[in-house]
Amino acid sequence: QAFRIPSGSMEDTLLVGDYLLVDKTRFGPGGHWQLILPYRAVGRGDIIVFRYPVDPSQHFVKRVIGIPGDRIHLWHSRVYVNGRALHEPYVVFKEHYPDEFRDNFPGGNRVGNENIRAEWAARLRSLVQDGDLIVPHGQYFVLGDNRDQSLDSRYWGFVPRENIIGRPMVIYFSTVQAEDDDDAVASKAADDKLLTLRARISHVYGDLRWRRILRLVP
């Protein structure tokens, strides 16, 4: 399936104007098919495309930070999973001001933060133990690589396993575009058909990012 990146929440791994092909079989159900198909479990560090839990008609792309059973917290923007700081060479920080909730999740002050969904703020109380957020069974905690400019699990909660569509496989096209207003990943057409390369070049030849075309997503 093909998708377009409309926001900068996954910079610099994925840029606004990147067009992705998403492998929808990578995180298949496994079972007996595991013997002949390349299924595997969703793991920490995987970039995933998923149906936004708040509005399943939208698709988001984020990186999995916590899998079921993990204990997670952020302290001064550093992520700790099960008591150990993560090595995250893919993360960028593009804000110049501190945010108590964003940078010290889940213990940061939530008062006045309009990005936090009320339902999630209420649920957080029952999921935090000794300062850590506990990821429930069948749920995943995701963050954007552009850590200061991403509406992610800190603000709206977990991604259920059944919402995960697949893993971005390759950037097959990339062009300079304006950023959209939200984090949703746009499907390029209702029928998911690819735009032809000839049509794209005729309109945006001067804005093509040649070095990103046909780049594998890490």
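A: Let's sort out terms before anything else: Ala, Val, Leu, Ile, Met, Phe, Trp, Tyr, Cys and Pro count as nonpolar, Asp, Glu, Lys and Arg as charged, and the others, Gly among them, as polar. With that in hand, the lining of the second largest pocket splits into six nonpolar, two polar and three charged residues. Keep in mind that this is a predicted model.

The second largest pocket has a volume of about 160 Å³. Its lining is made up of Pro-53, Val-54, Arg-117, Glu-119, Trp-120, Arg-123, Gln-139, Trp-156, Gly-157, Phe-158 and Pro-160. Helix 2, residues 118-127, is the top contributor to that lining, with three residues.

Asn-163 sits in the loop between strand 11 (159-160) and strand 12 (164-174). Its side chain reaches the backbone oxygen of Arg-51 at 2.8 Å. Asn-163 counts as buried because its relative accessibility is 10%, and the cut-off for buried is under 20%.

Next along is Ile-164, in strand 12. Ile-164 is buried too, at 9% relative accessibility. Beyond its neighbours within four places in sequence, Ile-164 is in contact with Phe-27, Val-42, Ile-48, Val-49, Phe-50, Tyr-140 and Val-159. Take Val-42 from that list: Ile-164 and Val-42 are 122 residues apart along the chain, yet their C-alpha atoms are separated by 9.1 Å.

Now for the largest pocket, with a volume of about 270 Å³. Its lining has 20 residues, and Asn-115, Asp-148, Gln-149, Ser-150 and Leu-151 lie nearest its centre. By class, that lining has three nonpolar, eight polar and nine charged residues.

Asp-148 is worth a stop of its own. Asp-148 forms a salt bridge with Arg-102, with the closest N and O atoms 3.5 Å apart. Asp-148 lies in the loop between strand 10 (139-143) and helix 3 (153-156) and Arg-102 is in helix 1, so the pair ties together parts 46 residues apart in sequence. Both Asp-148 and Arg-102 are buried.

Technical notes
Residues are numbered from 1 along each chain as its sequence is written. This is a predicted model: local features need pLDDT of at least 70, side-chain atom pairs count only at pLDDT 80 or more; totals for chains, interfaces and linings use all residues. Side-chain values use heavy atoms; hydrogens and water are left out. Helices (H or I, at least four residues) and strands (E, at least two) are DSSP runs, numbered from the N terminus. Buried means under 20% relative accessible area, exposed over 50%, partly exposed in between (1.4 Å probe, protein chains only). A polar contact is a pair of N or O atoms within 3.5 Å; within protein, one must be able to donate a hydrogen and the other to accept it, and residues adjacent in sequence count only if both atoms are side-chain atoms. Contact means heavy atoms within 4.5 Å. On a 1 Å grid over the protein atoms alone, a cavity is a set of points where a 1.4 Å probe fits but cannot get out, and a pocket is an open set with protein on both sides within 12 Å along at least five of seven lines; lining residues have an atom within 4 Å of a point. Grid points are joined across faces, edges and corners, and a volume is the space filled by probe spheres set on the points. A salt bridge is a side-chain nitrogen of Lys or Arg within 4 Å of a carboxyl oxygen of Asp or Glu.
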